[in-house]
Amino acid sequence: MFFLQSLLSGILTGGVYALAGIGMSLVFGVMNISNFAHGDLMMLGMYLAYFAFTLLHIDPYLSLLLIIPTAFLFGFILEKVFIHRIINHLHQNQILLTIGLGLIMSNTALLAFTSDPKILTTSYSSSAVHILGGISLSVPLLLSFVITCGIIGILFIFLSKTTTGLALWATSQNREAAQLMGINVAKMSAIAFGLGTSLAATAGALIAPTYYIHPMVGHTFLLKAFTICVLGGLGSVVGAGVGGVVIGVVESMSSTYLSSDWKDVVVFIIFLAVLLLRPQGLFGKKGEQ
Amino acid sequence: MKNKFVSIVAAALVALPLLAHAAPIKIGFINSITGKEAQIGENLTNGAAMALEEMKAKGIQVELIKEDDGGDPKNALAAYEKLVTRDGVIGVVGPYTSSSANVVASRSDQYQVPLLVPAAAKEDITMKGYKNVFRLNAPANVYSSVLMTAVASYKPKTIAYVYAATDFGVSTVKTAQENAAKMGLKEVANEKYQQGQPDYRPSLAKVKAANPDLVFLVSYDADAILLMRQAKEIGLTPKAFLGAGAGYTTAQFAQQTEISNLVISATQWTDDVNWPGAADFARRYKAKYSKEPSYHAACAYEAMIIMIETASKSNSAAKLRAGLKAGSWNGIMGPVKFADYNGFTNQNNHPMLVQQIISGKYETVFPAQFSKKKLVYPFTR
């Protein structure tokens with residue numbers, strides 16, 4: 001029973017991690033940029049969900065309909081104003097820029113929303129469904145997981161069936177060749193960054209009802225998202241999805257069978273092992289940078 | 001002639017501070033105004049500011065020099081050294097955090113300037129025999145002992161610990177284990193966790209399987225809410241939840257009535273305790289800052305009152321030290337006396353209070369002589 005409880009709880013938590021990881025991976029795949037502002041974009045998503053709930057009285061899951069387009073637009077503008085300037089620059093410059101943007105976001109949030117943690121309490125915040133005699137699944141986590149699966153499904157159809165999606169895919173495979181084939185790669189970058197931002201904000205909004213909201217919360221999730229991306233293979237959407245669930249389950253299992261104190265140690269041991277044995281990540285292609 | 005004039009002016013300038021010294025007494029205040037602990041630091045700032053205003057209204061001439069340590073022991077020590085060497089204060093109130101207070105305490109005998117610690121809980125601070133360190137609040141071991149004494153009459157048999165892997169968490173649980181052993185409680189689960197994680201369910205499921213009578217929790221701010229939510233989700237229902245301070249004593253936690261109801265916690269002060277002036281202090285504080293005072297605010301207020309009152313009767317650090325050692329007070333923190341007992345030096349044997357959240361409100365329930373309500377046991381959902 002412990003095993004099942006811990007497995008299911010890990011998969012559900014992992015689903016939200018996966019969503020955060022996928023956004024980061026998508027941006028890396030298309031633009032070849034590690035977005036270190038990703039965690040702070042998640043934090044903004046959390047605050048959006050919080051204010052939609054407290055000021056507009058919209059359920060955090062319904063507020064996604066507002067958050068996704070808002071975040072897309074924000075990401076699109078960020079790319080047009082800042083990110084596209086450094087797209088062909090050295091990696092360290094890109095990292096500095098995105099870290100800088102992240103710092104501006106988190107500290108602006110600190111000024112605007114203060115350092116008091118906010119708690120989003122819905123009527124179902126601490127409710128659970130009980131299955132198979134004794135296994136309890138958190139209702140908000142379950143909802144988040146279902147929505148995550150839906151979003152990943154839509155994203156997959158978008159990437160494999162639509163013209164824009166295929167153009168994005170092509171850009172991520174080979175930027176120069178895509179440009180030669182007449183794909184507007186500058187526009188693709190802006191779309192990819194917009195998508196990455198809305199995935200980050202969605203992950204933030206999905207985790208908000210089961211977590212607390214604080215301007216500095218981005219750092220915790222940035223580290224998770226980055227680990228997930230590298231584990232799954234940088235740039236691989238499927239890899240990030242699997243990576244997220246793997247990390248969720250490993251965390252959950254190690255808290256059950258070792259101690260909650262040790263779960264990060266186990267996660268990073270696995271992370272190092274993957275880097276040593278399969279440097280391109282679980283789903284990354286060999287020779288990719 | 002010109003040289004003589006210059007030397008007279010120079011002599012006058014040197015003498016001036018000596019003349020000025022005769023006027024107000026100088027007190028230092030080290031606090032965490034910025035940094036991680038800024039939220040709690042603000043409560044201390046407000047409490048101290050109220051005390052200062054009152055003392056000035058009574059006509060006591062006092063100059064308070066405030067220093068920020070940002071929650072960092074290094075800065076706290078630098079602030080203390082600046083206060084005693086450059087500003088020439090005769091006494092210092094603060095710092096807030098245990099780690100800062102501990103470091104400053106270790107140097108106070110070197111500078112011979114009394115330090116009055118208002119709210120830091122680490123036992124060591126008053127256990128090293130420092131002559132110049134005084135502490136108003138009760139040390140960490142009292143958190144667990146008062147909680148267990150409060151439920152002892154209901155004869156619980158087993159206990160589980162769930163706590164943050166921090167200095168405060170680990171040391172509080174260590175003393176709790178000693179107290180539990182004395183009471184003959186059997187430990188059935190021990191879960192230490194890393195702060196800020198989204199999922200504590202696996203740890204809580206283990207605790208649930210052990211089916212303890214008591215669950216003893218040590219967590220900060222928002223983690224407390226997260227833990228209790230997830231405890232409700234997985235259906236953890238012991239006879240009592242004992243929250244050792246911090247996250248279980250905030251107004252934000254109490255407002256989450258669905259999960260906070262009947263949680264028992266230990267605190268240094270409450271606004272419904274029958275100590276002289278406590279209710280009045282709470283009322284004035286609320287009027288001034290439009291929020292409830294935390295125990296930190298009350299500790300800082302009382303510490304500042306004691307420091308200024310005593311300092312106004314003494315004009316040197318040595319006399320202030322003697323005054324603190326000899327004096328006794330009875331204010332919003334109850335009876336205060338800096339005594340030597342059980343290995344402590346200059347420690348106020350402060351009676352901690354046990355409070356229980358009843359429909360979103362903290363009610364003092366133990367010890368009986370300080371409380372109006374009775375403890376609800378066992379816990380029911």
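## The sheet in chain B

Strands, like helices, are DSSP runs numbered from the N terminus, with at least two residues (E) for a strand and at least four (H or I) for a helix; two strands pair if DSSP finds at least two bridges between them. Within this pair, Phe216(B) faces Leu242(B) of E9(B). Helix H6 (residues 167-183) of chain B packs on the sheet and touches E6, E7 and E8 of chain B, with its direction at about 170 degrees to that of E6(B). Helix H7 (residues 201-210) of chain B also packs on the sheet, touching E6, E7 and E8 of chain B, and its direction makes about 175 degrees with that of E7(B). For such angles, axes are lines fitted to C-alpha atoms, for helices over the stretch in contact, and the values run from 0 to 180 degrees between N-to-C directions.

Stepping back, the open sheet has 7 strands in the order E7-E6-E8-E9-E10-E14-E15 (chain B), with mixed pairing. Strand E7 (186-193) and E15 of chain B are the edges; each has a single partner strand, so one side of each lacks a neighbour in the sheet. From one strand to the next, the twist averages 25 degrees.

## How to read the model

This is a predicted model, in which local features need pLDDT of at least 70 and side-chain atom pairs count only at pLDDT 80 or more, while totals for chains, interfaces and linings use all residues. Residues are numbered from 1 along each chain as its sequence is written, and chains are lettered from A and ligands numbered from 1 in the order in which they are written.

Chain B is divided into domain 1 (2-138 + 275-348) and domain 2 (141-267 + 353-370), with bounds that come from an automatic or database domain assignment. Taken over C-alpha atoms, the centres of domain 1 and domain 2 of chain B are 32 Å apart. Where they meet, 8 residues of domain 1 of chain B are in contact with 8 residues of domain 2 of chain B; contact requires C-beta atoms, placed from the backbone, to lie within 7 Å. The domain 1 side of this meeting in chain B has 3 nonpolar, 2 polar and 3 charged residues. Here Ala, Val, Leu, Ile, Met, Phe, Trp, Tyr, Cys and Pro count as nonpolar, Asp, Glu, Lys and Arg as charged, and the others, Gly among them, as polar.

Also in chain B, strand E11 (residues 328-331) and strand E12 (residues 334-341) run antiparallel and share 4 bridges. A hairpin of 2 residues links E11(B) to E12(B), and Gly331(B) sits opposite Gly334(B) in E12(B).

## The nonpolar core

The largest nonpolar core has 200 residues, and Leu147(B), Leu217(B), Tyr301(B) and Met304(B) have the most contacts inside it. Such a core is a set of buried Ala, Val, Leu, Ile, Met, Phe, Trp, Tyr and Cys residues joined through C-beta atoms within 7 Å. Helix H8 (residues 185-207) of chain A gives this core its largest share, 14 residues. The core also draws at least three residues from each of domain 1 and domain 2 of chain B.

## Where the chains meet

The contact between the chains takes 28 residues from chain A and 29 residues from chain B. Helix H1 (2-31), strand E3 (135-138) and helix H10 (237-257) of chain A each supply at least two residues of the chain A side, and H1(A) gives the largest share, 5 residues. By class, that side of chain A has 7 nonpolar, 17 polar and 4 charged residues.

## Backbone details

Two cis peptide bonds in chain B deserve a look. One joins Gly94(B) and Pro95(B), with omega about -20 degrees; Pro95(B) lies in the loop between strand E3 (91-93) and helix H4 (98-111) of chain B. The other runs from Tyr377(B) to Pro378(B), with omega near 0 degrees, and Pro378(B) belongs to the segment after strand E15 (361-366) of chain B.

Positive phi values in residues other than glycine occur at Lys155(B), near 55 degrees, and at Asn346(B), near 50 degrees. Lys155(B) is in the loop between helix H5 (140-152) and strand E6 (158-164) of chain B, and counts as exposed because it has 10 C-beta neighbours inside 10 Å. Asn346(B), in strand E13 (residues 344-348) of chain B, has 24 C-beta neighbours inside 10 Å and therefore counts as buried. The cut-offs are 20 or more other C-beta atoms within 10 Å for buried, 12 or fewer for exposed, and partly exposed in between, with C-beta atoms placed from the backbone.

Key
Contact = placed C-beta atoms within 7 Å.
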